[in-house]
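User: I would like to learn how to read contacts in a model with two chains. Could you take me through the terms one at a time?

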Amino acid sequence: MNSPQSHACEICPVHNAGNLIKLGVNMASWDYVVALAGNPNTGKSTVFNSLTGLRQHTGNWPGKTVTRAEGGFIYADKRYKIVDLPGTYSLLSTSTDEEVARNFILFGQPDVTVIVADATRLERNLNLVLQVLEITNRVVVCLNLIDEARRHRLEINDRLLAKELGVPVVPTAARQGQGIQELLKNISAVATGEFVCKPHRIKSESKALKNALSKLTNMIESRFPGLTNARWVALRLLEGDPRIIEAIKTGELGNLIPATESEFVTSKLDLPENGKFGQRVDSERPAKPLPILH
Amino acid sequence: MNKSPVSSEAILSKANSLRWEIGENYHDSLIDAIYQDAGRIAGRVVTKTGEKPRFDWDRALDKILTSRLTGLPVMLLLLTAVFWITIAGANVPSGMIASLLIDTFHPALKHLAAQIGAPWWLSGFLLDGIYLAGAWVVSVMLPPMAIFFPLFTLLEDFGYLPRVAFNMDNLFRKAGAHGKQALTMSMGYGCNAAGIVATRIIDSPRERLIAIITNNFALCNGRWPTQILIASLFIGALAPAGLAGLVSAGSVLAVTLLGILLTFVTSWALSRTVLKGEASTFSLELPPYRPPRILQTLYTSLIDRTIYVLRRAVVFAVPAGAAIWLLSNIKVAELSLAEHIMNFLNPFGLLLGLNGVVLLAYIIAIPANEIVIPTVLMLTVLSAKLAGFGAGAGVMFELDDANAYMNVFQAGGWTLLTAVNLMLFSLIHNPCSTTIYTIYKETGSAKWTTVSALLPVVMGLVICFFVAQVWRLVG
């Protein structure tokens, strides 16, 4: 980006063709599922397009993508299915778009969740990042609009940010195609388990909240041993999230306990397309009917 | 599962009791915690490396585009400019496509059919019914869409739409609706079905239903061509030639604004009757202005919208063309079926300041608004029995210029009132079947789907009726 040469290499089709094959929507089967989350209007759809080669219409207004889009690509001989989630500021409210995003990240168990964050508004974007880090520890943060941040005379120490968050952070300018190769490399590293994230967990809760959470978290962990996001489940239970209550009642949460790496990948490949995966997608059915008013 | 030391029920009841202990401020204190962490991390990693540039474009633009004083006038100017460019720019290419597909290809195909000895009913059904309906839709709709959509998309890319929402937020709140409804309304200008899916950004079910029911008052791309054509034929013609384009654009703008007004009035009425409640607050982010990427915009709006919509229009127009041809050629007691229906509807239509042709066209066009104009033209010729036009019953014919359109309309007994009421009825009538289906999918309620479908058509009939009565009293 700074040196014209590396930039030229990155956007050269020959360079890309070596590693990345854009699949558009032709996905017969896949090795890894990548979820794309982020605040509205951070360029999520642009990142999605540059990974998949699709030309989904992007718009400069928050809330453009309310349904999820899916696409695919091949990188380093692995097939990736990528799901573009609706842009949300948080994952804590009851609106449909937040529910879609929240439930997909939890129940869809994507192998990697890429969070697209707006570098010019980092603080606000971090609110969502921290919430996602409570749900899953397989995350790559895509620090997008880095060119705009520079124009606003903002400098972001992405290495320190990566250290703070415990997950890879990749600065990108997706509109210009900058940083996409680096992003792919990191997605692959997290997907294959080559990079193990140690995600930041929220620390500043009040004492009362901390106590309540730890009591509940302990109970959940002993009911579902090995569950990696018991604290998030506890948070949602305190909120009274009906989807989580249901998952506890039916024992569905037990399905979310990760198997060891090799088992995880092969078992997933053996699945029929509308077998277990169908159930997962079901948990975030896009057209959720409104509660009917009387 | 029963082996585990803690049962699911125990977890749930513990959660319930803890929820009571923590009390109401749980949500706020959690959000507080997240904000604190985020603030701490951001404070450590972000540094300002200097002053912002001397001149802040975003702020300067926002001062004009979102000011109380100039925000709305600038919005109206921009809309007028978009309409005017569309109307002025679409005429020539429309004529060229029509002369190619209709004047040249159609006679050639007919000739070919005659040579290979195809029976009259077969070539009539296929070429006069199906082919001409498709060709009509392409020539009437392609040019305005190919101009309108990219222009609208450029504004969207630039970051203007959230400013529109910002400007109109106050009005929506006064109407008891959600400010984000301005965004779903903007989506409705492309396609109402898309606008209805977009209402998912509204959290409160009450406000979301209001947004769904009123989305139909945003003219969709199936209706823009109707508005633009009728405006330039009837209303533009009232002005001196030099101003015709501007006057037609102005009348389309007037209909658009009426749609916005009806959105407010209906939202207000709903939120005070069946959908009572206060408007909820929300925060709306004004994104930075971004220079639109012109080439990519042209490409995506051509592929995503123009071609998509056009394909849909042709898919619906083809069976409609076939149906019209059959209705016009199956005769019962000397008259064709179409004539019987139109004669039956005509008194009712005249009462509304319309006519039987328009009403029948709107019934045939329930699957897609796009085919209203071609259907109207064809049925008008049929009912007026214009010897000089077309090749027979149920044939969509060639029209070389605006005068030819006018001759057809005049022979069909059209007046300025018919044109005005057609524009009004095009704005205020039932949503197309795709939109109705989308409403059903999104609400999951047959009741609200019925309300959304019937409310506008009843309003449209009432408004047209009143306009017609007043018009006749004054005129």
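Analyst: Two residues are in contact if their C-beta atoms, placed from the backbone, lie within 7 Å. Leaving aside neighbours within four places in sequence, B:Leu337 is in contact with B:Leu327, B:Ile330 and B:Val332. This is a predicted model, in which local features need pLDDT of at least 70 and side-chain atom pairs count only at pLDDT 80 or more, while totals for chains, interfaces and linings use all residues. Residues are numbered from 1 along each chain as its sequence is written, with chains lettered from A and ligands numbered from 1 in the order in which they are written.

User: How many residues of chain B are in contact with chain A?

Analyst: On chain B there are 66 such residues, and they touch 61 residues of chain A. Helices (H or I, at least four residues) and strands (E, at least two) are DSSP runs, numbered from the N terminus; helix α2 (residues 26–45) of chain B gives the most to that side, with 15 residues.

User: Which strands are joined between the chains?

Analyst: Strands pair if DSSP finds at least two bridges between them. Here three bridges join strand β7 (residues 154–156) of chain A to strand β1 (residues 46–48) of chain B, and the two run antiparallel; A:Glu155 stands opposite B:Thr47.
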